[in-house]
Amino acid sequence: MIDKINEVQGAAHVNGVKSKRWGLQGAEEAALVQDGLAVSPFAREMANISAEMAKVPEVREDKVRDLKRQIEEGTYNPDLNALAARLVWAGINRIED
């Protein structure tokens, strides 16, 4: 059978523990205890940009309609050099998985 060793007491009976944390007193401790949120100007600007971007439609219907019309009429003339440059750029900057 296991016996108590020297009548060990729980943490509730420990004496001499200071109630102040890290040696702070008064207003300093109150400021530490209160919850709060600080948002940087950069974070606020990013939130504003994100909100504005949410207003922009994912598909620009007018642009799609115009391109479809050009293709149907046979007047669509893409800039092949710009397309090639974008493909090369995308290949060079591709992130490996």
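This is a predicted model: local features need pLDDT of at least 70, side-chain atom pairs count only at pLDDT 80 or more; totals for chains, interfaces and linings use all residues.
Figure 1. Of the 97 residues in the protein chain, 2% count as buried. The accessible area of the protein chain comes to about 10000 Å², and 57% of this area is supplied by carbon and sulfur atoms.

**Figure 2. Secondary structure of the protein chain, with 4 helices and 0 strands.** Read from the N terminus, the order of elements is α-α-α-α. Helix 2 spans residues 41-55, and helix 3 spans residues 61-73.

**Figure 3. Confidence along the protein chain.** The mean pLDDT of the protein chain is 78, with 61% of the residues scoring at least 70. Confidence is lowest in helix 1 (residues 27-33), where the mean is 57. The highest value belongs to helix 3, with a mean of 95.

**Figure 4. A nonpolar patch on the surface, with Met 46 as one of its members.** The patch is formed by Phe 42, Met 46, Ile 49, Met 53 and Val 56. Together these residues have about 520 Å² of accessible area. Met 46 lies in helix 2. Met 46 counts as partly exposed because its relative accessibility is 41%, a value between the cut-offs of 20% for buried and 50% for exposed.

Figure 5. Helix 3 contains 13 residues. From the first C-alpha to the last, helix 3 reaches 18 Å, close to the 18 Å expected at 1.5 Å a residue.

Technical notes: Residues are numbered from 1 along each chain as its sequence is written. Side-chain values use heavy atoms; hydrogens and water are left out. Patches are made of residues with over 30% relative accessible area and no salt bridge: like charges are joined within 9 Å, nonpolar side chains (Val, Leu, Ile, Met, Phe, Trp, Tyr) within 5 Å. Accessible areas come from the Shrake-Rupley method with a 1.4 Å probe; for residues, only the protein chains shown count as cover. A salt bridge is a side-chain nitrogen of Lys or Arg within 4 Å of a carboxyl oxygen of Asp or Glu. Helices (H or I, at least four residues) and strands (E, at least two) are DSSP runs, numbered from the N terminus. Buried means under 20% relative accessible area, exposed over 50%, partly exposed in between (1.4 Å probe, protein chains only). pLDDT is the predictor's confidence in each residue, from 0 to 100. The expected span of a helix is 1.5 Å times one less than its number of residues.
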